[in-house]
Amino acid sequence: MPSANVKIPPVLRSQTGGEAQVPAEGSTVGDVLSSLVDAHPDTREQLFSEDGQLNRYVNVYLNDEDVRVLDGLETAVDDGDTVVILPAMAGGR
Amino acid sequence: MASAADPMDEVKARIEMIPVTEAQREIAQGTRVIDVREQNEWDESHLEGAIHIPQGEVAERIDELAPDTSERLLVHCRTDNRSARIVDLLSELGYEDAVAVEGGIVAWEREGYPLVYAKGLTPEQRDRYSRHTLLPEVGVEGQVAMLNAKVLLLGAGGLGSPTALYLAAAGIGTIGLVDDDVVDASNLQRQVIHTTDRVGVAKTASAKAAIEALNPDVTVVEHNTRLDASNILELIEDYDVIVDGADNFPTRYLLNDATVRLRKPVVSASILGFEGQISTFIPYEGPCYRCLYPTPPPPELAPSCGANGVLGVMAGLMGLLQANEVVKLVVGIGDTLSGRLLLYDSLGTTFTELKVRRDPDCPICGDHTPEIPVEEMGQFPDYELFCGAPAREPSPVA
């Protein structure tokens, strides 16, 4: 099973015990995120809506590419890939 | 230390050199003078009527410009090393009466002889911006573009402070500042344009004082107001580039939608904790803010720096990256962050670059989005509602 490094944004770190990067297994981006949610259940409602879809305000990148232009949650993951979870930030002051 | 073996001395010993006073007399009588300095040096100032051939092009072009090898030719550069080498080369090429001007244009200027200066720069500006004009990519032309540029900064806070200081130093001719807040002591950990003795002063006025002390070339326009749907078009229409350092989502979406309508480029950054994000949005050339973030996060996932804290140095870095984008946009050099989102993690000192694509279905800049009719130009949706935020924070915690 391929293992990816999932980069956790600051606003989700309280749900991952403060970890900024978490290893998670899965052969697709969706599987990797499911592994993350299994290990850190508090991340579920931030990432997924009730019908299991990725929340629209969460961007997910496989390496440097937005999964929306790849195959979404079905996008295949290779061992050692990086999955970036990115919600918008607004702080400027 | 110079010695007899110094090749430059050997060159100067075997060619003819004339003092600048004699050169001035000869030029007045019609002797032709060739300036062999580089383009940017020529642009800055040169002798009236001089022929400009950068030293590397002399061998190739001299034939055409001076077909008669017996013609008297004066050659000068900044001082006289390059000109001496060129005279040496000309004599190898068969020119019998080429001479170098001792001390070059520096000596010429010292004697008080007239020069043609670059259009648009005063002698004080040539001095102040010399480290810019020395860069061939910027040159006098790029500096004049900066002096003519109008840049609007949204927020004179954590991002806007460093951006404004460096843009002012760079000679951006007009800097507009939108902020309705006053300087608070808790701002000073990162908002470096403000000072302890200006606590309680309007941020726009405080920033204006700092900018004017730094560079009198800059005109500061204070917009001591909060950007909203009723004033945004009027505020941004006169500016060439908008710098987004807003502290809330409704303003960011409003700004995006308005700048796409008016086709203004936006350099957008945000900061929180130890991390920052930055991208540049050029309407219709690249993605817009909504292509990147179609939907704002719920308020509990969007804490402010006031609630969450922010590392001051990191804010400074992101602000300077914004200033860097602005300079490139204004001068027209380099590659902007259009189509790229740069993430900075100051704890790890790591940068991550992500691709941002134009969304063909974007409700604002997408391929099928109808043009906004002129009469609806100033009408915007309710962004507070869209972002699920309270109507308005009582006072920005900043």
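View 1. Leu152(B) stands opposite Gly176(B), which belongs to strand 9 of chain B. Strand 8 (residues 150-154) of chain B and strand 9 of chain B run parallel and are joined by 5 bridges; two strands are said to pair if DSSP finds at least two bridges between them. Helices (H or I, at least four residues) and strands (E, at least two) are DSSP runs, numbered from the N terminus. This is a predicted model, in which local features need pLDDT of at least 70 and side-chain atom pairs count only at pLDDT 80 or more, while totals for chains, interfaces and linings use all residues. Residues are numbered from 1 along each chain as its sequence is written, and chains are lettered from A and ligands numbered from 1 in the order in which they are written.

**View 2. Strand 9 of chain B and its other partner.** Strand 9 of chain B also pairs with strand 10 (residues 219-223) of chain B, in the parallel sense and over 5 bridges, and there the bridge partner of Gly176(B) is Val221(B). Because 4 of the 5 residues of strand 9 (residues 174-178) of chain B are buried, this strand is largely enclosed by the rest of the structure. A residue is buried if 20 or more other C-beta atoms lie within 10 Å of its own, exposed if 12 or fewer, and partly exposed in between, with C-beta atoms placed from the backbone.

View 3. A right-handed β-α-β unit is made by strand 8, helix 10 (residues 160-170) and strand 9 of chain B, and another right-handed β-α-β unit by strand 9, helix 11 (residues 203-214) and strand 10 of chain B. A crossover is right-handed if, with the strands pointing away from the viewer, the path from the first strand over the helix to the second runs clockwise.

**View 4. The loop around Leu70(A).** Leu70(A) is found in chain A, in the loop between strand 4 and strand 5, and counts as partly exposed because it has 16 C-beta neighbours inside 10 Å. Leaving aside residues up to four places away in sequence, Leu70(A) touches Leu62(A), Glu65(A) and Thr75(A), where contact requires C-beta atoms, placed from the backbone, to lie within 7 Å.

**View 5. The contact between chain A and chain B.** The contact takes 18 residues from chain A and 34 residues from chain B. On the side of chain A that touches chain B, strand 4 (65-66) and strand 5 (82-87) each supply at least two residues.

Key:
Two residues are in contact if their C-beta atoms, placed from the backbone, lie within 7 Å.
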